[in-house]
Amino acid sequence: MSELSHLAPDGRVRMVDVGDKPSTKRVAIATGRFVTRPDVIALVRGDDLPKADVLATARIAGIAAAKRTPELIPLCHHVALSSVQVSFELDDTSILVEARAATTGPTGVEMEALTAVAVAGLTLHDMVKAVDPAARMTDMRLIEKTGGRSGSWTAPALGADPETITTAGEEISAADVDDVRRGVVLVASTAGAAGTRVDRTGPVLVDWLRSRGFVVADPVIVADADIAEGLRAALRGRPRLLVTTGGTGVSPTDATADATARILDRELPGIAESIRRYGERTTPFAVIGRGLAGLAGDTLVVNLPGSPGGVADGIAVLDPILDHLLAQISGDADHPVR
């Protein structure tokens, strides 16, 4: 078992010296679940509690707490946070609190993310205690961290073996985490999500990615109306590659390109245009596609049409450039000599 980093060989508490560690981009994501009654959730949704602006107040509290983590936890380093994001997802009886902290430096931001979740949850309790003093915060935990010498780590599902991590729906040994290339295949198909149509695109992409050494689960199929949430859910695991199929046309329900535009930090228009040009060789309808390609954080996102032919075109374009592109994104590739 690894030694506790905050204990010196003589057993005394110490602050870890990070002076010799390289500065890398580091991200941590933590979550917790605030459990209360359905009527309280309804009040939060309607902003009808005596203390108004419930979620806005909790969000600000979480962000402020992340910035003050070293003042609350004595052995934490002062970190120059580049970003702190706090978000909420409400269901009938609970609120999922998620915090994402990022920095570029020699030490991680796990505690900042966890502190943001904890204080956001405490703030929720303060806001609702007048109507539900029995509300509680549960399942607070780190779910992912990236950067540093340990690379990427994703938490196992609740109740799973703690010696494994969950990667794109599959469990692998924590010792192998540095070698993982994770991929996600997301299919936008209302009929497929309802079970009235068999998807013939996702399995092709999964087989291709696995042949390229990616760890990838079976395709995730969502209705067209749910593609935005599907993209956000897929990105929480910070995969190296996220490929979507479907929803790239101009019908009233086609929403994939619009949802993708909202999550991209940088577009790679050459890839999307190459896929369309490749498709034109067999069908003039390829020019109608609105699919995008680009980066959401460190994740390469590529939209493909929802047809087997469109997927084949996408694979043909991506296959010869994928390794070099991913290496450039991670900062490990030299530019090719021309």
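**Reading a predicted fold, one feature at a time**

Modeller: Let's start with S82, which is exposed, with a relative accessible area of 56%. Exposed is over 50% here, buried is under 20%, and partly exposed lies in between (1.4 Å probe, protein chains only). Bear in mind that this is a predicted model: local features need pLDDT of at least 70, side-chain atom pairs count only at pLDDT 80 or more, and totals for chains, interfaces and linings use all residues. Residues are numbered from 1 along each chain as its sequence is written, and side-chain values use heavy atoms, with hydrogens and water left out.

Biologist: Where is the place of S82, and what is S82 in contact with, leaving aside its neighbours within four places in sequence?

Modeller: S82 sits in strand β2. Strands (E, at least two residues) and helices (H or I, at least four) are DSSP runs, numbered from the N terminus. Beyond those neighbours, S82 is in contact with A102 and T103, where contact means heavy atoms within 4.5 Å.

Biologist: How many bridges join β2 to β3, and which residue is the bridge partner of E89?

Modeller: There are 9 bridges between β2 and β3 (residues 94-105), running antiparallel, and E89 has L96 in β3 as its partner.

Biologist: Now a strand inside the fold. How many residues of β11 are buried?

Modeller: 5 of the 5 residues of β11 (residues 241-245) are buried, so the strand is largely enclosed by the rest of the structure. In a regular strand the side chains alternate between the two faces of the sheet. Here both faces are covered: L241, V243 and T245 lie on one side, L242 and T244 on the other, and all are buried.

Biologist: Which strands are joined to β11 by bridges?

Modeller: β8 (residues 182-188) is joined to β11 by 5 bridges, running parallel, and V187 stands opposite T245. β14 (residues 299-304) is also joined to β11 by 5 bridges, in parallel, and T245 has L304 as its partner there.

Biologist: On to helices. At what angle do α7 and α8 pack?

Modeller: Two packed helices are described by the angle between their axes and the distance between the axes. For α7 (residues 227-236) and α8 (residues 256-263), the angle is about 40 degrees and the axes are 9 Å apart. Axes are lines fitted to C-alpha atoms, for helices over the stretch in contact, with angles from 0 to 180 degrees between N-to-C directions. This pair is therefore oblique: under 35 degrees counts as roughly parallel, over 145 as roughly antiparallel, 65 to 115 as roughly perpendicular, and the rest as oblique.

I227, A228, L231 and L235 of α7 meet T256, A259, T260, R262 and I263 of α8. By class, those residues are 6 nonpolar, 2 polar and 1 charged. Ala, Val, Leu, Ile, Met, Phe, Trp, Tyr, Cys and Pro count as nonpolar, Asp, Glu, Lys and Arg as charged, and the others, Gly among them, as polar.

Biologist: And at what angle do α6 and α10 pack?

Modeller: About 20 degrees for α6 and α10 (residues 308-318), with axes 10 Å apart, so α6 and α10 are roughly parallel. V204, L205 and W208 of α6 touch V311, I315 and L318 of α10, a contact with 6 nonpolar, no polar and no charged residues.

Biologist: Last one: is R212 buried or exposed?

Modeller: R212 counts as buried, at 19% relative accessibility. R212 lies in the loop between α6 (202-211) and β9 (215-216) and touches R181, D319, L322 and D323, not counting residues up to four places away in sequence.

Notes
Two strands pair if DSSP finds at least two bridges between them.
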